[in-house]
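Let us read a protein model together, one feature at a time.

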Amino acid sequence: MIPRYSRPEMVAIWSPETKFKIWYEIEAHACEAMANLGVIPRENADAVWKAKDVEFDVARIDEIEAVTKHDVIAFLTHLAEHVGSEEARFVHQGMTSSDVLDTCLNVQLVRAADILLEGMDKVLAALKKRALEHKNTVRVGRSHGIHAEPTTMGLTFARFYAEMDRNKNRLEKARWEVATGAISGAVGTFANIDPAVEEHVCEQLGLRPEPISTQVIPRDRHAMFFATLGVIASSIENVAVEIRHMQRTEVLEGAEFFSMGQKGSSAMPHKKNPVLTENLTGLARLVRMAVIPAMENVALWHERDISHSSVERGIGPDATITLDFALHRLAGVVDKMLVFPENMLDNMNKFPGLVMSQRVLLALTQAGVSREDAYAMVQRNALKVWEERVDFRDLLLADADVVAALGEEAINEKFDMGYHTKHVDTIFKRVFGA
């Protein structure tokens with residue numbers, strides 16, 4: 001990913017230096033396990049650890065690869081330059097390149113998941129704070145973009161919190177699913193390496209042994225991982241789109257924080273544009289772009305091919321770096337977001353009382369009016385509110401059929417805003433607990 005949308009903590013996971021360090025640890029732990037089994041001399045295994053503090057020369061490895069046309073062999077050649085050819089002659093014994101590549105990739109994905117989970121915690125904390133702050137801040141709910149019935153801004157934040165909490169649970173499961181390693185040799189049969197070596201390497205790297213790996217770790221695990229990132233990205237966009245709507249001039253119920261010195265437009269000095277949430281919508285598209293290729297990587301020929309390799313070199317860094325940046329940007333947007341309760345009430349009252357139409361409809365049916373007749377009675381008055389911006393309650397009080405069915409006192413009682421917020425506490429308890 002480009003630096004503009006990258007945070008150094010996540011970028012570091014995918015650097016060549018980090019990759020080669022993990023490759024080294026895999027090889028060194030494998031040698032250690034083989035020495036424990038008496039397969040290779042102890043002094044050779046110990047010699048490999050002489051390179052534990054080495055910063056591997058990326059340029060040198062690239063230089064060797066230009067000749068060998070094989071990245072793992074290039075690394076092993078460079079490792080031998082540090083350890084010594086004789087001392088390093090048992091390195092990679094019985095192993096195949098995928099043992100190194102796949103185990104390393106999963107270590108990187110697990111580390112990336114840990115950083116993403118930290119980002120999700122920041123988003124959840126910001127959403128919870130704003131939900132509690134605006135628990136009873138009344139705003140109109142909308143369906144199809146049209147005024148529906150009253151809700152609260154706190155419920156909006158709580159809804160996003162619950163969605164992100166589900167996503168956190170999904171990511172924890174995806175992390176667990178991808179946290180496997182394989183040191184099983186050619187076509188995964190352990191013919192040339194003892195399964196105990198795999199167990200030791202995985203234990204040292206915080207992974208579980210892959211139960212059956214052919215020559216690669218099954219890619220359904222990775223498909224699940226990237227699909228989860230795609231769902232999280234979509235949830236980020238869900239929040240972003242709501243904020244973008246709220247910031248529209250005609251709505252202005254909320255807005256991104258606009259800092260001192262910030263400019264909204266190069267041409268129009270009055271502009272305050274929702275650039276951060278628009279950016280989040282775009283970043284979500286980039287993350288989702290990785291999902292289909294990850295799915296297509298599941299089908300590999302026989303015990304292995306490398307059609308997945310070039311894909312993962314791209315989507316591994318790009319999807320995790322982008323999502324990491326997006327999570328931290330979203331947390332900041334929510335935390336500093338401006339909320340305008342007065343505008344929420346003004347918007348609701350643009351069509352005075354109209355949001356109470358269902359309550360009147362239900363009261364009429366409970367009073368003995370057929371649903372068809374009750375709907376017609378309410379709708380004919382509601383349409384006048386749309387057309388003439390008159391008060392819905394006044395129209396009902398002037399409608400002889402409605403008054404005959406309900407009475408004036410009952411009609412007035414149907415316009416109590418507290419009716420729509422009486423279960424907010426119950427919902428909050430469901431979302432946030434006691």
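**Reading the model**

Q: What share of residues 352–432 is helix, and what share strand?
A: Helices (H or I, at least four residues) and strands (E, at least two) are DSSP runs, numbered from the N terminus. Over residues 352–432 the chain is 74% helix and 0% strand. The model is predicted: local features need pLDDT of at least 70, side-chain atom pairs count only at pLDDT 80 or more, and totals for chains, interfaces and linings use all residues. Residues are numbered from 1 along each chain as its sequence is written, and side-chain values use heavy atoms, leaving out hydrogens and water.

Q: Is threonine 277 buried or exposed?
A: Buried means under 20% relative accessible area, exposed over 50%, partly exposed in between (1.4 Å probe, protein chains only). Threonine 277 is buried, at 0%. Threonine 277 sits in helix α10, residues 275–288.

Q: What does threonine 277 touch?
A: Contact means heavy atoms within 4.5 Å. Beyond neighbours within four places in sequence, threonine 277 contacts Ala240, Ile243, Arg244, Glu256 and Val333.

Q: Which residues touch the most other members of the largest nonpolar core?
A: A nonpolar core is a set of buried Ala, Val, Leu, Ile, Met, Phe, Trp, Tyr and Cys residues joined through side-chain atoms within 4.5 Å. The largest one has 104 residues, and Phe75, Phe226, Leu229, Ile236 and Leu323 touch the most other members. Helix α6 (residues 97–133) gives the largest share, 17 residues. A second, separate core has 24 residues, including Leu354 and Phe415.
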